[in-house]
Amino acid sequence: MPPRQPSAFEETRMTQPRLGFIGLGLMGGPMTRRLLEAGFEVSVWNRTPEKAEGLRAAGARVAGSIGELVASVDRVMLCLANTAVVEAVVFGEDGVAAHGRDGQTLIDFSSSDPEATRDFAERLRRDCGMGWVDCPVSGGVAGARAGTLVMMAGGEAVDIAALEPLLAPLASRVTHMGPVGAGQVTKVCNQMVVGCQAAVIAEMVALAESSGVDATRLTEALAGGFADSTPFRMLTPRMAAADYADPPWHLRTLLKDLDMAVTQSRRSASATPMTGLAAQLLRAHAGRGHAEHDPATLVEAYRPSQE
C-alpha cells in the first residue's frame, strides 16, 4: 500500500514557521484563532492560564511557560495591554529574552511607547539575537475576528516582507512605515484621531438630545457625509441608546494611547492641544469610575444629572 499523502492542511503545517502567541485578550484570542484556522501551528501562553486553555480545543498547543513557548517556535507574537507589560514579558525573569535565539523574530501587535519600543528592540538583539518588528493594529475586536485588521509596521524591510504570509490571515493591509518604532508612532497618530473623535461625538450626542433631536437617528442622518467615520458609527448608537454592555474596548486603553501621543509630542516638539484636551476629558471620566467601561460612557458626562 502506498504511503498516505499529507493533506493540504498538513502540508501547510510542515512548511510554515511555528508561531508562538502571548497575550490572549480581546484582540489576541481571535487573532490566534485566525492563525489556527489558516493552518499554522501555534503555541500559546497567557498570564491568565484559563484564556490559553480555551484555545486548546481550537488546536493550539498550550505552553507551560514563556520559556517553553519560545524554545518551540520560530516567531513570537505579542498582543499585550501596555508598554510595561511588554517589558515584563520580554525582559522579566524567564521572559522571552532569556530564551530567544538568533534567527527568531518577535512581532509586537501591542500599542506601546515608540521610544521604549526602539530600546526594547536593541536590548533584545543584544541579549539573544532576536529581531523585533513593531506591528500595532487597528480595527477592533470585529476586525480581529474577521481578519480585516489594519497593521502599521516598523522594522527592517526584509523582516516585514518575510512576515507577510503570517499576517495575511489577520490583516487586510500591512504598511511598512519605517524602522523599528515607526509602527508605534503611526498607531499613536491613529489613536489621536480616534480619541478626539470620541470626545466630540459625546458632545454631539448630548447636544442633539438637549435640543430635542432623536440622537438614535444621527448615524442614519450623517452616513456618507463628512462626519461619517468608523468611530462615529461605533460610538454614536451606543451613546444614544446608553448601551454600554459588552464593550468592544475600554476607556483606559484609549486614555493610555492618548497619553503616549502627548509624551511623543514633547519628544518631537510637536504641539498636540486637541489630543491633550481629549486625554484630560477621558482622565476625568476614568476618575469617576469608568476606566474599565466603554468609551461610549463619556456621553454621560454631558447628560443632565438624574439626582
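Is Trp-132 buried or exposed? Select Trp-132 first: with a relative accessible area of 4%, this residue is buried, where buried means under 20% relative accessible area, exposed over 50%, and partly exposed in between (1.4 Å probe, protein chains only). The model is predicted: local features need pLDDT of at least 70 and side-chain atom pairs count only at pLDDT 80 or more, whereas totals for chains, interfaces and linings use all residues. Residues are numbered from 1 along each chain as its sequence is written, and side-chain values use heavy atoms, with hydrogens and water left out.

**Stop 1: strand S6**

Helices (H or I, at least four residues) and strands (E, at least two) are DSSP runs numbered from the N terminus. In a regular strand, side chains alternate between the two faces of the sheet. In S6, Gly-131 and Val-133 point one way, Trp-132 and Asp-134 point the other way, and all are buried. Leu-106 has Trp-132 as its bridge partner in S6.

**Stop 2: the aromatic rings**

Next, display the aromatic side chains. A pair of aromatic rings is described by the distance of the centres and the angle of the planes. Rings of Phe, Tyr and Trp (its six-membered ring) pair if their centres lie within 6.5 Å; planes under 30 degrees apart count as stacked, over 60 as edge-to-face and the rest as tilted. The structure holds three aromatic pairs. One of them is stacked: Phe-21 and Phe-109, at 6.0 Å centre to centre with 25 degrees between the planes. This pair links distant parts of the chain, 88 residues apart, with Phe-21 in strand S1 (residues 19-22) and Phe-109 in the loop between strand S5 (105-108) and helix H7 (114-128). Phe-21 is buried at 0% relative accessibility, and Phe-109 is buried at 2%.

The ring centres of Phe-120 and Trp-132 are 6.0 Å apart and the planes stand at 45 degrees, so the pair is tilted. Phe-120 lies in helix H7 and Trp-132 in strand S6 (residues 131-134), so this pair ties together parts that are twelve residues apart in sequence. Phe-120 is buried, at 3% relative accessibility. Then select Arg-123, which lies over the face of Phe-91 at 3.8 Å from the ring centre. The criterion is that NZ of Lys or CZ of Arg is within 6 Å of the ring centre and within 35 degrees of the ring normal.

**Stop 3: Thr-83**

Which residues does Thr-83 contact, leaving aside its neighbours within four places in sequence? They are Ser-112, Asp-113, Ala-116, Phe-120 and Met-260, where contact means heavy atoms within 4.5 Å. Thr-83 lies in helix H5 and counts as buried, at 18% relative accessibility.

**Stop 4: Gln-191**

Move to helix H10 (residues 182-210), where Gln-191 is found. Gln-191 is buried, with a relative accessible area of 9%. Not counting residues up to four places away in sequence, Gln-191 touches Leu-254, Asp-257 and Leu-258. The side chains of Gln-191 and Asp-257 make a polar contact at 2.9 Å. A polar contact is a pair of N or O atoms within 3.5 Å; within protein, one must be able to donate a hydrogen and the other to accept it, and residues adjacent in sequence count only if both atoms are side-chain atoms.

**Stop 5: the cysteines**

How many disulfides does the structure hold? The structure holds zero disulfides, a disulfide being a pair of cysteine sulfur atoms within 2.5 Å. The sulfur of Cys-128 is 19 Å from the closest cysteine sulfur, in Cys-135, which is too far for a bond. For Cys-135, the nearest cysteine sulfur is that of Cys-79, 10 Å away. Cys-128 is buried at 14% relative accessibility, and Cys-135 is buried at 1%.

**Stop 6: two loop residues**

Most residues other than glycine have a negative phi. Select Asp-94, which has a positive phi of about 65 degrees although it is not a glycine. Asp-94 is in the loop between helix H5 (83-91) and helix H6 (96-99), and is partly exposed at 36% relative accessible area. Finish at Asp-246, whose phi is also positive, near 50 degrees. Asp-246 lies in the loop between helix H12 (230-241) and helix H13 (251-268), and counts as exposed at 72% relative accessibility.

Conventions. Two strands pair if DSSP finds at least two bridges between them.
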